[in-house]
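Hi,

Here is the structure I promised to pass on. Have a look at it first, and my notes follow below.

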Amino acid sequence: MRQSIDNLRAKIHALRAKTIANGCTEAEALAAAEKVADLLDRNEISIYDVDVFNSQCGKLVIETGRKTKTPISACIGEIALYCNCKVWAEKREDGVRYIIFGLNDSIEAANYVHDIVLKYLGKMWGDYKDSNKLVGNLRSQKSSYQFGMAVSIAHKLNKLKSIRDENNRGTGGSDLVLARHAIVEAEFAKLQINLRRGKVLGKKVFLGVFGAGQVAGQSLTLHEGVQDKEYVP
């Protein structure tokens with residue numbers, strides 16, 4: 001069965017390569033397109049299925065440069081899950097780093113969401129610090145505020161993922177999601193990595209500042225496309 005799928009995929013990609021831009025005449029390109037459509041219809045699959053099975057998995061390494069957990073650790077798991085990826089932490093001499101694993105387009109999306117969240121943590125803390133007369137250890141208060149934000153963002157990402165999954169079930173898109181998930185699981189199994197959940201908070205926090213961060217985290221809005229690199233407060 002696998003061999004037939006591979007052969008079918010190879011035929012379709014070869015036909016799709018027959019375009020005018022690649023030197024074919026218009027008639028040849030149209031004939032190739034018709035053959036692709038015929039192959040898809042007879043085998044009851046979509047062009048998206050073909051592209052998915054041709055996708056490659058990869059890794060995204062995120063260096064924190066810190067020996068201890070940073071606020072992003074409170075939502076890095078949810079960022080990966082939201083983008084249909086897996087993630088784990090590695091402790092090294094130069095600091096903690098996160099490895100995100102998944103299909104290449106999913107990794108791109110996870111990188112986008114991570115960068116947006118990181119920028120938002122910095123912006124909102126700056127606004128909060130400028131608007132309040134803070135006394136005491138500013139570094140600890142910053143950590144408390146940003147951890148509060150990250151926890152709130154994690155809950156929000158989980159909610160958005162649930163809504164998206166439900167919408168996929170209603171439109172038949174769940175088949176493609178399951179296919180992508182199966183590829184990631186199969187490739188991840190080859191790495192022989194045993195994932196386990198770590199503690200979200202490993203330090204004391206200023207409860208008032210932490211709570212203010214949770215409220216701020218709820219205002220983060222993510223754009224749908226990974227091409228748009230802006231965030232919306």
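Trp125, Tyr128 and Tyr145 are linked into a cluster by ring pairs. Bear in mind that this is a predicted model, where local features need pLDDT of at least 70, side-chain atom pairs count only at pLDDT 80 or more, and totals for chains, interfaces and linings use all residues. Residues are numbered from 1 along each chain as its sequence is written, and side-chain values use heavy atoms, with hydrogens and water left out.

The whole structure has 3 aromatic pairs (Phe, Tyr or Trp rings, the six-membered one for Trp, with centres within 6.5 Å; stacked is under 30 degrees between planes, edge-to-face over 60, tilted the rest). One of them is Trp125 with Tyr145, tilted, at 5.7 Å centre to centre and 55 degrees between the planes. Trp125 sits in helix α5 (residues 104-131) and Tyr145 in helix α6, so this pair ties together parts that are 20 residues apart in sequence. (Helices are DSSP runs of H or I, at least four residues, numbered from the N terminus.)

Tyr145 also pairs with Tyr128, this time stacked: 4.5 Å centre to centre, 25 degrees between the planes. Tyr128 lies in helix α5 and Tyr145 in helix α6, so here the parts tied together are 17 residues apart in sequence.

Cheers

Note on methods: Helix = DSSP H or I, 4+ residues; strand = E, 2+ residues; numbered from the N terminus.
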